[in-house]
There are 2 protein chains.
Amino acid sequence: MKNYHLSPSQFREEGKKIIDWIADYYENIEKYPVLSQVEPGEVIEKLPNNPPQKAESFESIMKDMDEIIMPGITHWQSPNFYAYFPSNTSFPSILGDLVSSGLGVQGMIWATSPAATELETRVLDWLAEMMDMPEKFKSTSSGGGVIQDTASTSALTAVIAARERATKLESNKSGVRQKLVAYVSSQTHSSLEKAIKMAGIGSDNLRTIDVDATFAMRPDLLEEQIQGDKSNGFLPFFVCATIGTTSSNGMDPIRKIGEICNNQNCWLHVDAAMAGTAMLCPEFRHFKDGVELADSYCFNPHKWMFTNFDCDVFWVGNRSELINTFSILPEYLKNKATESGAVFDYRDWHVQLGRRFRALKLWFVIRQYGVEGLQYHIRKHVEMARDFARWVDASSDFELMVDPPLNLVCFRHKSDDEFNLKLMNAVNESGKAFFTHTKMNGRIALRMSIGQTHTEERHVKQTWELIQNTAKKLSLL
Amino acid sequence: MKNYHLSPSQFREEGKKIIDWIADYYENIEKYPVLSQVEPGEVIEKLPNNPPQKAESFESIMKDMDEIIMPGITHWQSPNFYAYFPSNTSFPSILGDLVSSGLGVQGMIWATSPAATELETRVLDWLAEMMDMPEKFKSTSSGGGVIQDTASTSALTAVIAARERATKLESNKSGVRQKLVAYVSSQTHSSLEKAIKMAGIGSDNLRTIDVDATFAMRPDLLEEQIQGDKSNGFLPFFVCATIGTTSSNGMDPIRKIGEICNNQNCWLHVDAAMAGTAMLCPEFRHFKDGVELADSYCFNPHKWMFTNFDCDVFWVGNRSELINTFSILPEYLKNKATESGAVFDYRDWHVQLGRRFRALKLWFVIRQYGVEGLQYHIRKHVEMARDFARWVDASSDFELMVDPPLNLVCFRHKSDDEFNLKLMNAVNESGKAFFTHTKMNGRIALRMSIGQTHTEERHVKQTWELIQNTAKKLSLL
């Protein structure tokens, strides 16, 4: 190791050990406490204060991996992970991402690796077809898709593109001067408020529209608010509708909201971060009815489509609106292909310049599962959620907050908020399952989000038993 | 494959094949044309128009990888890649990232994997020590570091945090209302202009300060411009200084600019995206003299520190300014650790909510090379650049544009611009090397950026001979 590099033959050896380490991990994953049990500072204390001057062996790194890092891991890939939203992955995704790391390609523009751009274009067109998305979102039409890191970044991208459409690129030039206002529901993800702040619009100019009993945005109230704002001299420019809100899995009525947006000249962004994957199955596509009225749409294969983080798919109906907003071309990035106009340079479709070759992992996943395999698992997850909801409904101690439209069940113990939080913490501290809470109509609700790659009926059943038994024990205290 | 998943034993088998595939790639990398030779549309045409309904074999995916994707790859990891800036990687980084993909952890907040947060905190403190950064940038002091995807995102983060400091969080609330102005040099990376647009400031409010003969920002002109803007009722709030500009490797005088910023109450962001890695070596640290006056600083281990894309390190001197700007806490993310205030939740340090466990690859790299090994390679790269510059200087046909401070050599053939572009295209089309151009003082300059992991003296020498021979051939035409 005179030159400090691992040689290719050392890489073969260590790499294969790590492949086995990962396979072992999945074979043993149910033995780990799902939620990490370390206390704040417990991991960092075990890491040396100072960096190593001398090269260390791979063996010593993997030893620390097992002894120091693993106890501090919350096991998102555990079949008993029901917290937040799923962030599932799969073996083909891990391998697709490994190929991407190995090639070390930076696909900021077409010329820096044509295959990175063109595979992304093709795979995102595939996905549009797989989900029966409107033609306009395909690259072969006026729009197209691009992989973003997260739905937060997609939201920011949509807000900024909308801002520029509404102000005819004037905000990019002179700054935000107009009295712009944007609209979300009370259930919309917090990333939208963050985007509105970052884009210089200001949270005072974000209107929160109330929802109905199913936690869906009320279009009548949206229209009323837009009219009111207009007569007060504001410029409504952006609405976010959600397919499957984070807290409650509310399904906003896309068609009605879209009609309002089209009439009022507002950009409609549809956030389907988690639930979007369900559009693979025809029987769930009614939730996106009206999506042809949207200007942009995003969903996260890194949530529920077996593709490892990060991978958010962002489609627009009119790519030139996006490109006009984000394009900057310094001399050092000029090249023949870009000047010819025959290629996409994806750096003009988002915030960042540099980009990883993320289409590979999606391509590996879609091909290794096939559309059929992906549908099979989505359907299984939804079935399990429906079973869980039935059990809750049949129980005398628990109640459903709302009928679960897909794979998120919101429920509660019939006692008070404090008891529900105590119950959740007790289950999580057992290490046998991990789920989280929210507030619905002012009351604590427990969230059972079902969508990890290896979750089977037996896991959901055991967890329901665990929740019931824990509640009984706590009631007796 | 009844359930469509790869089994752990299939993963072991396919994974090991891919490890070998990557090792083979590095053993044969010099046989590929560095710049992909495909035409626009050539890759996409070979990909099926429609997604596969049925699951496909791993074998067929890897066959298409070789036959369809590889011809469309521009080989960033080739030792003959001298274009743009390096985006180097290394075997330990690839393996660290593989472990991260395998664990599939989403580290948005401390609780979702304490080790992801605490390893990041510790490794970024190590890096601060390795580069002799001021104490304030460490987590043990008032500041701390966070991994961002790219320097573009760090720039946006800095601009927004600066905007909120200058307006006392008023822009987050009411939108950008003040007449804010920001300052860069004529050599600053285009991502800064993009950030100023995205943050709602507007490019009209970005002042471009002229540079001296070494392409460094002139602090006298900066001060003059700030004074002028103030007397015209503007609010100067942000300055970006660069250590190693993209086009020219200009070194802005951080101390002088920092003194002006401190006097004028402007946020100073230092962009050391590529050159920052050189701070590993004491002999190059004079370029960051005065950095204790900066509010934020970023550099990219994914450029020149053997860590695969994406990995940008962003430090701030006062983390509460950052957190106050970006923090949003919805009910569904509330948890005991966050409420205790004893932990960092890195989602409050940047644009995105979700985050990959990227500290692992950095940790693997630092440990496997040791500080010593990293210094060894940085010094070798700088030496090779100096050799190349000497050869150019000694040649009668070529000239240096400026003495290279580090690993980027800007030079040109003594004939006209057209000839230089023709020369560059001819070399690039040969497939034997890939380099790019820029404009300096209105003239085309060729850029030889030396920093790929496996670039040795012999590669640089061969490339210099290739450039000379190609120029001779073209002169004779």
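Helix α6 (residues 151-166) of chain B has 16 residues, which at 1.5 Å a residue should span 22 Å; the end C-alpha atoms of this helix lie 22 Å apart, in agreement with that expectation. The expected span is 1.5 Å times one less than the number of residues, and helices (H or I, at least four residues) and strands (E, at least two) are DSSP runs numbered from the N terminus. The model is predicted: local features need pLDDT of at least 70 and side-chain atom pairs count only at pLDDT 80 or more, whereas totals for chains, interfaces and linings use all residues. Residues are numbered from 1 along each chain as its sequence is written, chains are lettered from A and ligands numbered from 1 in the order in which they are written, and side-chain values use heavy atoms, with hydrogens and water left out. Of the 16 residues of α6(B), 14 are buried, and the helix is thus mostly covered; buried denotes under 20% relative accessible area, exposed over 50% and partly exposed in between (1.4 Å probe, protein chains only). Just after α6(B), B:Lys168 adopts a positive phi of about 55 degrees.

Chain B contains an open sheet of seven strands in the order β1-β7-β6-β5-β4-β2-β3, with mixed pairing. Its edge strands are β1 (144-148) and β3 (206-209) of chain B, each of which pairs on one side only. Neighbouring strands of this sheet are turned by 20 degrees against each other on average, direction ignored. Two strands are taken to pair if DSSP finds at least two bridges between them. β1(B) and β7(B) pair in the antiparallel sense over five bridges, and B:Gly145 has B:Trp315 of β7(B) as its bridge partner. Strand β7 (residues 312-316) of chain B also runs antiparallel to strand β6 (residues 296-299) of chain B, to which four bridges join it. In β7(B), B:Trp315 is the bridge partner of B:Tyr297, and B:Val316 is that of B:Ser296.

Five of the five residues of β7(B) are buried, so this strand is largely enclosed by the rest of the structure. In a regular strand the side chains alternate between the two faces of the sheet. Both faces of β7(B) are covered, with B:Asp312, B:Phe314 and B:Val316 buried on one side and B:Val313 and B:Trp315 buried on the other.

In chain A, strand β1 (residues 144-148) is mostly covered, five of its five residues being buried. A:Gly144, A:Val146 and A:Gln148 are buried on one side of β1(A), and A:Gly145 and A:Ile147 on the other. This strand pairs in the antiparallel sense with strand β7 (residues 312-316) of chain A over five bridges, A:Trp315 being the bridge partner of A:Gly145.

A:Ser185 is found in strand β2 (residues 180-185) of chain A and is buried, with a relative accessible area of 2%. Leaving aside neighbours within four places in sequence, A:Ser185 is in contact with A:Thr208, A:Ile209, A:Val211 and A:Met217, where contact means heavy atoms within 4.5 Å. A:Ser185 and A:His350 are 165 residues apart in sequence and 25 Å apart in space, C-alpha to C-alpha.

A second open sheet, in chain B, is formed by four strands in the order β8-β9-β11-β10, with antiparallel pairing. β8 (398-400) and β10 (436-440) of chain B stand at the edges with a single partner strand each, so one side of each lacks a neighbour in the sheet. β8(B) pairs with strand β9 (residues 408-413) of chain B over three bridges in the antiparallel sense, and B:Phe411 of β9(B) is the bridge partner of B:Leu400. Helix α16 (residues 457-476) of chain B packs on this sheet, touching β8, β9 and β11 (443-449) of chain B, and its direction makes about 130 degrees with that of β8(B). Axes are lines fitted to C-alpha atoms, for helices over the stretch in contact, and angles run from 0 to 180 degrees between N-to-C directions.

Chain A is superposed on chain B by a rotation of 180 degrees with 0.0 Å of shift along its axis (RMSD 0.0 Å). That is the relation of a two-fold axis. The superposition is by least squares on the C-alpha atoms of residues with pLDDT of at least 70 in both copies. The copies meet through the same surface, because 100% of the interface residues of chain A are also interface residues in chain B. A:Lys197, in helix α8 (residues 190-198) of chain A, is buried with a relative accessible area of 13%. Not counting residues up to four places away in sequence, A:Lys197 touches A:Gly202, A:Ser203, B:Arg163, B:Asn172, B:Ser327 and B:Ile328.
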